[in-house]
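Hi,

Here is the structure I promised to pass on. Have a look at it first, and then read my notes below.

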Amino acid sequence: MLESRRSEMAFSIVLDMNSDFKDASTLLAERGLSDGGRAQQALDRAAVDFCMPYVPFKTGALMQSAASSVIGSGEVCYGVPYARKQYYEGKDSGIRGRMWFERMKADRLGDLLSITAAACGGEVTKT
């Protein structure tokens with residue numbers, strides 16, 4: 001008797017789905033997250049700009065040399081011969097001095113994250 005009730009209650013569902021999913025590389029490119037995309041470019045520009053007050057300044061050549069970096073590459077390069085020595089051994093003078101990127105990052109990480117998130121249409125949330 002139970003068997004007959006089950007057969008009376010049987011039904012079927014037909015689903016019609018559109019399966020036009022984009023591949024991952026297309027989705028990343030649309031959001032600016034591909035290599036060299038909007039997000040990386042925004043982060044690189046912000047890093048260069050935010051580091052300016054921290055970079056040692058005598059003639060300005062060290063600070064200006066960062067402008068030759070390839071924006072979007074993920075690398076900011078200070079292209080003067082003495083840049084490495086200044087970065088690791090330079091003398092501090094106020095906010096300007098050695099390890100400028102690390103000190104800038106400690107001070108401005110939230111700003112870097114916000115700028116990068118905005119460039120790809122996202123937002124920064126705390127977890």
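Which side chain meets Glu102 in a salt bridge? It is the side chain of Lys105, at 3.6 Å, N to O. A salt bridge here is a side-chain nitrogen of Lys or Arg within 4 Å of a carboxyl oxygen of Asp or Glu.

Before going further, a word on what you are looking at. This is a predicted model, where local features need pLDDT of at least 70 and side-chain atom pairs count only at pLDDT 80 or more, while totals for chains, interfaces and linings use all residues. Residues are numbered from 1 along each chain as its sequence is written, and side-chain values use heavy atoms, with hydrogens and water left out.

Salt bridges

Back to that pair. Glu102 and Lys105 both sit in helix H6, three residues apart, which is about one turn of the helix. Helices (H or I, at least four residues) and strands (E, at least two) are DSSP runs, numbered from the N terminus. Glu102 is partly exposed at 36% relative accessibility, and Lys105 is partly exposed at 32%. For these words, buried means under 20% relative accessible area, exposed means over 50%, and partly exposed is in between (1.4 Å probe, protein chains only).

A search of the whole structure turns up three salt bridges. Another one joins Asp111 and Arg108, whose closest N and O atoms are 2.6 Å apart. Asp111 and Arg108 also both lie in helix H6, three residues apart, about one turn of the helix. Asp111 has a relative accessible area of 34% and is partly exposed; Arg108, with 28%, is partly exposed too. Then there is the bridge between the side chains of Lys22 and Glu30, at 2.8 Å, N to O. Lys22 is partly exposed at 48%, and Glu30 is partly exposed at 43%.

The core

Now for the inside. In soluble globular proteins, nonpolar side chains tend to be buried together. The largest nonpolar core in this model has 17 residues, and those with the most contacts inside it are Cys51, Val55, Leu62, Tyr78, Trp100 and Met104. A nonpolar core is a set of buried Ala, Val, Leu, Ile, Met, Phe, Trp, Tyr and Cys residues joined through side-chain atoms within 4.5 Å. Helix H3 (38-51), helix H4 (61-65), H5 and H6 each supply at least two residues of this core. The largest share, five residues, comes from H3.

Not counting residues up to four places away in sequence, Tyr78 touches Cys51, Val55, Leu62, Met63, Ser65, Ala66, Ala83 and Trp100. Touching, or contact, means heavy atoms within 4.5 Å.

Aromatic rings

The structure holds three aromatic pairs. One of them is Tyr87 with Tyr88, an edge-to-face pair with 5.0 Å centre to centre and 85° between the planes. Rings of Phe, Tyr and Trp (its six-membered ring) pair if their centres lie within 6.5 Å; planes under 30 degrees apart count as stacked, over 60 as edge-to-face and the rest as tilted. Tyr87 is buried at 15% relative accessibility, whereas Tyr88 is partly exposed at 43%. The rings of Tyr87 and Trp100 have centres 4.8 Å apart and planes at 85°, so this pair is edge-to-face. That pair links distant parts of the chain, with Tyr87 in helix H5 and Trp100 in helix H6, 13 residues apart. Tyr78, Tyr87, Tyr88 and Trp100 form one aromatic cluster.

Loops

Which residues does Val76 contact, leaving aside its neighbours within four places in sequence? They are Asp44, Ala47, Val48, Ala66 and Ser69. Val76 is in the loop between H4 and H5 and is partly exposed at 32%. Val76 and Asp44 are 32 residues apart in sequence, but 6.9 Å apart in space, C-alpha to C-alpha.

Met99 is worth a click as well: Met99 has a positive phi of about 55° although it is not a glycine. Look for Met99 in the loop between helix H5 (83-89) and helix H6 (100-119). Its relative accessible area is 26%, which makes Met99 partly exposed.

Cheers
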